[in-house]
Amino acid sequence: EDLRSRGWLIGWHTMSHYPLSALTDEEVRAEMTPQTRDMLDIPFSYPYGENRSVSNREIAFARSLGYVSGYSNMSVDNSRHSRFFRIRLTLPRNKVRLHYILSGMQYFVETGKLLPTVNQDTGE
């Protein structure tokens, strides 16, 4: 509540933070269904968020439930990038390492690909 009072937008993962890929469709829906309507207006972050635990199924659930956006840990699969599968980064305090990550160089070195872009008009 202290962070919210200072203007931070706080998102959420799921009800129990289970890896969604290990659950049935019914369990995924139950985990991702918000308790209140206003939870759809805040960022949703897939728990464990890497490619192995977030499939197109979970992305489709985020879309069908009406979330404004969905976030995942750094993904090496640019083909799924959309407003329901945006990447998030954990950033270090070291300024050199921070620049290495934010410039996209780390991603490029690890994957051989450029960071995905976002269409400013559609958010996709």
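Trainee: Quick one to start: is R6 buried or exposed?

Mentor: R6 is exposed, at 55% relative accessible area. Exposed means over 50%, buried means under 20%, and partly exposed is in between, using a 1.4 Å probe and protein chains only. Keep in mind this is a predicted model, where local features need pLDDT of at least 70, side-chain atom pairs count only at pLDDT 80 or more, and totals for chains, interfaces and linings use all residues. Residues are numbered from 1 along each chain as its sequence is written, and side-chain values use heavy atoms, with hydrogens and water left out.

Trainee: Got it. What does the side chain of R6 meet in a salt bridge?

Mentor: That would be D2, at 2.6 Å from N to O. A salt bridge here is a side-chain nitrogen of Lys or Arg within 4 Å of a carboxyl oxygen of Asp or Glu. D2 itself is partly exposed, at 47%.

Trainee: How many salt bridges does the structure hold?

Mentor: Three.

Trainee: OK, switching to R57. Which residues are linked with R57 in a network of salt bridges?

Mentor: D25 and E58. R57 meets D25 at 3.0 Å, and R57 meets E58 at 2.8 Å.

Trainee: Where do R57 and D25 sit in the chain?

Mentor: R57 is in helix α3 (residues 56-65) and D25 is in helix α2 (residues 25-32), so the pair links distant parts of the chain, 32 residues apart. Helices are DSSP runs of H or I, at least four residues, numbered from the N terminus.

Trainee: And E58, buried or exposed?

Mentor: E58 is buried, at 0% relative accessibility. R57 is partly exposed at 24%, and D25 is partly exposed at 41%.

Definitions and conventions: Helices (H or I, at least four residues) and strands (E, at least two) are DSSP runs, numbered from the N terminus.
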